[in-house]
Amino acid sequence: MSQQGNFLGGFLLGTVVGGVVGGVIGTLAASRLQAEPKLDSDQRSGAKPVKKRQLKASSEQSIEVARRGLEDKIAQLNEAIDDVRQQLGTVNGTEIHRESITPEP
């Protein structure tokens, strides 16, 4: 029982000491980050600032093209999942019968 008590005491002492040390280090790091001026790496090296590209409003046609592309990818993923499921079913000794379901347009 004395070993168990020593472990519990050491664990609690380590928790308290670790919390205090971590708090002090965290406070010092946060104060240094606030004091440092915010410069990008490009600005530190003297390079010209890079303008960020602004997003353009998407037209309905481009949205439709993206939607169709995503539907095709989802269909491919579903087929791959069904194939893997079928392969795993035969490995485990139970064969899974695949139902033919056609997606609605």
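The secondary structure of the chain comes to three helices and zero strands. Helices (H or I, at least four residues) and strands (E, at least two) are DSSP runs, numbered from the N terminus. Read along the sequence, the pattern is α-α-α. Helix H1 covers residues 2–35, helix H2 covers residues 41–44, and helix H3 covers residues 60–91.

The model is predicted: local features need pLDDT of at least 70, side-chain atom pairs count only at pLDDT 80 or more, and totals for chains, interfaces and linings use all residues. Residues are numbered from 1 along each chain as its sequence is written, and side-chain values use heavy atoms, with hydrogens and water left out.

Confidence is given as pLDDT, the predictor's confidence in each residue, from 0 to 100. The chain averages 78. A score of at least 70 is reached by 62% of the residues. Among the elements of the chain, helix H3 has the highest mean pLDDT, 90. Helix H2 has the lowest, 54. Where pLDDT is low, the predicted coordinates should not be read in detail.

Buried means under 20% relative accessible area, exposed means over 50%, and partly exposed lies in between (1.4 Å probe, protein chains only). Of the 105 residues of the chain, 1% count as buried. The chain exposes about 10,600 Å². Carbon and sulfur atoms supply 59% of that area. Accessible areas come from the Shrake-Rupley method with a 1.4 Å probe; for residues, only the protein chains shown count as cover.

Helix H1 holds an aromatic pair, Phe-7 and Phe-11. Rings of Phe, Tyr and Trp (its six-membered ring) pair if their centres lie within 6.5 Å; planes under 30 degrees apart count as stacked, over 60 as edge-to-face and the rest as tilted. By this rule the count comes to one aromatic pair. Phe-7 and Phe-11 are stacked, at 6.1 Å centre to centre and with 25 degrees between the planes. The two residues are four apart in helix H1, about one turn of the helix. Both Phe-7 and Phe-11 are exposed.

Phe-7, Leu-8, Phe-11 and Leu-12 make a nonpolar patch of about 460 Å². Patches are made of residues with over 30% relative accessible area and no salt bridge: like charges are joined within 9 Å, nonpolar side chains (Val, Leu, Ile, Met, Phe, Trp, Tyr) within 5 Å.

Charged side chains were examined in turn. A salt bridge is a side-chain nitrogen of Lys or Arg within 4 Å of a carboxyl oxygen of Asp or Glu. The structure holds four salt bridges. One of them joins Glu-64 to Arg-68, with the closest N and O atoms 3.3 Å apart. Glu-64 and Arg-68 are separated by about one helical turn, because they are four residues apart in helix H3. Glu-64 counts as partly exposed because its relative accessibility is 28%. Arg-68 has 52% and therefore counts as exposed.

Glu-71 forms a salt bridge with Arg-67, the closest N and O atoms being 2.5 Å apart. These residues also lie in helix H3, four residues apart, about one turn of the helix. Glu-71 has a relative accessible area of 42%, so it is partly exposed. Arg-67 has 37%, so it is partly exposed too.

Glu-64, Arg-67, Arg-68 and Glu-71 are linked in a network of salt bridges. The side chain of Glu-64 also makes a polar contact with the side chain of Arg-67, at 2.2 Å. A polar contact is a pair of N or O atoms within 3.5 Å; within protein, one must be able to donate a hydrogen and the other to accept it, and residues adjacent in sequence count only if both atoms are side-chain atoms.

Another salt bridge joins the side chains of Asp-82 and Arg-85, at 3.9 Å from N to O. Both residues lie in helix H3, three residues apart, about one turn of the helix. Asp-82 is partly exposed, with a relative accessible area of 28%. Arg-85 is partly exposed at 48%.
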